[in-house]
Amino acid sequence: MCAIFHRQENQQSFQETPLDRSKRLVLFSSFLLFVLFITSDSQSQIDDATRKLSHDIFQQLIEINSTDSVGNVTTASEAMAQRFRDAGFAEADLQILGPNDKDRKKNLVVRLHGNGKHKPILLIGHLDVVEAHREDWTTDPFQFVEKDGFYYGRGTQDMKSGDAIMATTLIRFKKEGYIPDRDIILALTADEEGGKSNGVDWLVKNHRKLIDAEFVFNHDGGGILSDHGKPVMMTVDATEKLYADFQLSVTNPGGHSSLPRPDNAIYALANALVRLQNFQFPFELNEVTRTYYERMAKVETSDRAADMKGILKTPPDGAAVARLSKDPIDNSTIHTTCVATRLNAGHANNALPQRAEANVNCRILPGHSAEEVRQELIKIFDDPKGVDTKITVRYVDSFGNISDSASDRKSLPPPPLSRDVFGPLEKITSELWPGIPVIPEMATGASDGVYTMGAGIPTYGIAGIAIDRDDIRAHGRDERLGVESYYKGVDFYYRYLKAVTSE
């Protein structure tokens with residue numbers, strides 16, 4: 001439009017008539033309306049009532065302690081069930097169930113009925129959160145605190161924000177009388193972060209009909225990755241690493257602390273962990289991560305883009321691999337990782353330790369098994385000089401059982417990149433975050449998607465929450481989420497889910 005006016009203003013012979021002026025004003029008004037439409041469409045569009053509803057649900061969930069040690073997932077499930085009752089959901093469409101009727105680990109399954117033209121879609125999200133101690137935080141982790149443009153509390157990132165967004169979306173659909181082209185099922189579940197009653201696994205094994213679907217959206221994955229507040233890309237978790245815990249242990253006769261010995265169990269374990277700290281698993285790309293870096297190289301800064309192109313070469317550029325490995329996200333994307341997460345040693349202040357133990361948590365690249373990594377750890381901890389006591393490496397399963405061997409199970413292959421999923425995603429992303437790419441990626445963590453994928457249901461990690469790459473605080477101290485990032489995530493999910501379930 002500016003170019004048109006510029007050309008006209010430089011044509012000295014041009015004489016504007018009343019008709020010309022009228023046409024120009026109409027054209028200019030149309031242009032302003034177009035600009036306002038584009039501007040408004042890229043902003044959060046939720047109304048005050050939706051903002052309050054989503055805020056109140058988010059706060060309610062944060063302030064329900066749902067840790068494995070002392071928390072109660074059932075309380076959260078019942079609170080959300082009441083929200084759905086109040087919105088008009090029939091009792092028959094609300095199921096609170098779990099492996100034990102008196103348990104604090106019950107799950108909530110909600111069904112919004114559609115017209116049945118297509119097989120249902122399943123939304124999953126876990127209600128439990130990682131342990132958090134008040135003395136470690138600057139705020140109470142189980143109080144919903146707003147300060148400096150952020151919401152603080154355990155679960156703000158992982159993943160009560162997602163639970164609140166999904167619940168808000170279904171309540172909005174119900175209140176406005178929206179009839180999707182398929183049933184939408186929401187399962188809010190227990191024990192994704194630990195414990196012995198994983199809700200998704202239990203539902204798949206015991207109530208498959210209740211949650212059976214054409215595909216699954218897992219809000220515990222994907223989302224907008226930003227850099228200093230600037231959106232960089234919309235990611236979709238298309239595959240994930242394999243989770244495995246290993247117990248390292250050293251035993252010793254011990255003795256009186258006044259008579260130290262060179263074969264101290266704590267020292268032996270500490271030396272082994274230093275060897276682990278200095279070890280790096282081999283660089284490796286798979287179909288998803290290679291596609292991820294091919295697309296990221298087109299939008300990243302020049303230095304990072306050059307390194308991404310470098311690791312895609314055959315053979316890969318070793319210097320580029322080393323530079324990218326300094327970034328925690330890139331490092332975990334291109335390597336299997338193992339890290340010490342817990343320590344336990346000794347039995348008295350005045351005695352030499354008879355036992356020292358550590359937990360090592362590994363996130364294993366697709367194509368490799370937990371037993372393969374256990375054997376690698378044994379090699380890492382083998383002391384060639386024979387100075388340290390032998391380190392025993394045992395596998396710890398999800399129920400806490402310890403064994404001398406691990407599973408040979410490997411990560412499942414990624415689901416197809418369905419246009420029914422990615423078409424609407426690209427459309428809504430372009431509306432809310434113009435110009436950023438939609439990129440499938442490998443989740444560096446683990447999620448409940450492993451159970452739905454294992455059951456043969458294609459599963460995609462999709463969310464609309466933006467988190468800065470240097471402010472990922474899930475599982476950490478002072479976990480927080482940007483206030484406006486949350487509300488834009490509310491807007492995104494409503495638009496996206498409606499787009500997926502509309503003809």
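Let me begin with a pair of residues: L122 stands opposite V216 in strand β7.

Strand β3, residues 121-126, pairs with β7 in the parallel sense, over four bridges. Strand β18, residues 459-461, also runs parallel to β7, and three bridges join the two.

What covers the faces of β7? In a regular strand, side chains alternate between the two faces of the sheet. In β7, residues 215-218, F215 and F217 lie on one side, and V216 and N218 on the other. These four residues are all buried, and both faces of the strand are covered.

I turn now to the cysteines. The count of disulfides comes to one. It is formed by C338 and C362, with their sulfur atoms 2.1 Å apart. Is the bond right-handed or left-handed? The torsion about the S-S bond is about 115°, so the disulfide is right-handed. As for accessibility, C338 and C362 are both buried.

Finally, a word on confidence. The mean pLDDT of the chain is 89, and 90% of its residues reach 70 or more. Over residues 1-43, however, pLDDT stays under 50. For that segment the model has 21 contacts beyond four places in sequence. Where pLDDT is low, the predicted coordinates should not be read in detail.

Methods
Residues are numbered from 1 along each chain as its sequence is written. This is a predicted model: local features need pLDDT of at least 70, side-chain atom pairs count only at pLDDT 80 or more; totals for chains, interfaces and linings use all residues. Side-chain values use heavy atoms; hydrogens and water are left out. pLDDT is the predictor's confidence in each residue, from 0 to 100. Contact means heavy atoms within 4.5 Å. A disulfide is a pair of cysteine sulfur atoms within 2.5 Å. Buried means under 20% relative accessible area, exposed over 50%, partly exposed in between (1.4 Å probe, protein chains only). Two strands pair if DSSP finds at least two bridges between them.
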